[in-house]
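Here are a few notes to read with the model open beside you. Take them in any order you like.

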Amino acid sequence: MKYFSYFIFIAFIVTLLLFLRNALKPETEQVYITGSEKCGECHSLQNIGNQSGIWINSRHSTAFKTLLGDKATDFAAKNNLVKPAENPECLKCHSTEYSLGNPLKSEAPRYSIEEGVGCESCHGAGSLYSPAEIMKDEGFFKSNGGIKGDESTCKNCHSPKGNKEHRISVDMCPFQENEFDYRTAFEKIKHPLNKDFKSDK
Ligand code: HEC
Ligand code: HEC
Ligand code: HEC
Ligand code: HEC
């Protein structure tokens, strides 16, 4: 019985110490999704190269809406799956927040899941790197969570081989028939900075 009270006492002290450690830990800044519209405050300007306009005209910006369409909903019904627009296994590649790993929820009122595959799906959640002074310096951009993006970024969602059998799989789209070729695919979505803008610096 005596040992039991010792045990309770020690357990109490340990819990207290753990509590204090968490309470005293300096708070690290929460990173969140700002939403593509926010990036567009600067990146829709013509002098910088209007990356936002190029993205809006790409299929990435309609990737969430696709999940509400007949193709997606019929497929889910036939295969007894949760509705695509609510199904994390589809949203993982068809939305910004799930592609960045839920529960990285946005605290920004302007982000909406309807933006589909937004800027931050490829460039990383932007709350820390978005100020222009940070973005002017590639080193700062990266140390604040910015990602430049390359072929491996695309392959998080585009299967190199495609999925002609329309199989159900966590890491392949049942509708991606064609093989993924980085060079031709990037050509369709490229959105470079305006060279004149760059040399302005
Ligand atoms: C306040 C204005 C502003 C906002 C908001 C903004 N950017 Fe930028 N961004 C810039 C400027 C200016 C540059 C160009 C810097 C340079 O090279 O001179 C830039 C450069 C970049 C680059 C290239 C970085 C590099 O080092 O090569 C990427 C990628 C980028 N922005 C993505 C984004 C994304 C994604 C968002 C939204 C999460 C965003 N930006 C929001 C102003 C902004
Ligand atoms: C977060 C997931 C995701 C990432 C990362 C991603 N994509 Fe996509 N991509 C999609 C989805 C989903 C679609 C289909 C959208 C639709 O039609 O509803 C798509 C469609 C496309 C299309 C249009 C289809 C076509 O062949 O014409 C191109 C091109 C494309 N992506 C290129 C790229 C490139 C290049 C990269 C890497 C730089 C990339 N994607 C990264 C999810 C992603
Ligand atoms: C591994 C990432 C990934 C997953 C998981 C995923 N998708 Fe996709 N989806 C894509 C990509 C990439 C494309 C563009 C394919 C292309 O055109 O090359 C796409 C395209 C589509 C299209 C457009 C087809 C067309 O040509 O019109 C539909 C519909 C679709 N997906 C529905 C779904 C549904 C429903 C789910 C869940 C059951 C799902 N996707 C899961 C990545 C994914
Ligand atoms: C599907 C993935 C994807 C999406 C979505 C995307 N980007 Fe990019 N972005 C890339 C890749 C890949 C590069 C090329 C990086 C390189 O050249 O090293 C790039 C390059 C850039 C650059 C630098 C270009 C340069 O010349 O240095 C800027 C600025 C940029 N993106 C901004 C944006 C903004 C703003 C959005 C949303 C409106 C966006 N991107 C959406 C993948 C993406």
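Is N80 buried or exposed? Keep that in mind for point 1, and remember throughout that this is a predicted model.

1. Start with N80, a loop residue between α5 (70-78) and α6. N80 counts as exposed, because its relative accessibility is 74% and the cut-off for exposed is over 50%. Its backbone deserves a look too: phi of N80 is near 55°, a positive value in a residue other than glycine.

2. Now go to N50, which sits in the loop between α2 and α3 (51-56). Phi is positive here as well, near 45°, and again the residue is not glycine. As for accessibility, N50 has a relative area of 19%, so it falls under the 20% limit and counts as buried.

3. On to ligand 1, which has 21 residues around it. The closest are C39, C42, H43, M135 and K148. The elements giving two or more residues to this shell are α2 (36-43), α8 (119-123), α9 (132-135) and α10 (138-143). Of these, α2 supplies the largest share, four residues. C39, one of the closest residues, is buried, with a relative accessible area of 16%.

4. A polar side-chain atom of H43 is 2.8 Å from a nitrogen atom of the ligand, and a side-chain N or O atom of K148 is 2.7 Å from one of its oxygen atoms. Sorted by class, the shell around ligand 1 holds 10 nonpolar, six charged and five polar residues.

5. Ligand 2 has 18 residues around it, and H60, T66, C154, C157 and H158 come nearest. The one of R59 places an N or O atom 2.7 Å from an oxygen atom of ligand 2. H60 has a polar side-chain atom 2.7 Å from a nitrogen atom of the ligand, and for H158 the distance to a ligand nitrogen is 2.8 Å.

6. Which elements give two or more residues to the shell around ligand 2? They are α4 (63-66), α6 (88-94), α11 (151-154) and α12 (182-189). The largest share, four residues, comes from α12. By class, this shell has nine nonpolar, seven polar and two charged residues.

7. How many disulfides does a search of the whole structure find? The count is zero. For anyone new to the term, a disulfide is a covalent bond between the sulfur atoms of two cysteines.

How values were computed: Residues numbered from 1 in each chain as written. Chains lettered and ligands numbered in written order. Predicted model: local features only at pLDDT ≥ 70, side-chain atom pairs only at ≥ 80, totals over all residues. Heavy atoms only, no water. Near = heavy atom within 4 Å. Polar contact = N/O pair within 3.5 Å; in protein donor to acceptor, adjacent residues only side chain to side chain. Nonpolar A, V, L, I, M, F, W, Y, C, P; charged D, E, K, R; others polar. Disulfide = S-S within 2.5 Å. Buried < 20%, exposed > 50% of the residue type's maximum accessible area, 1.4 Å probe, protein only.
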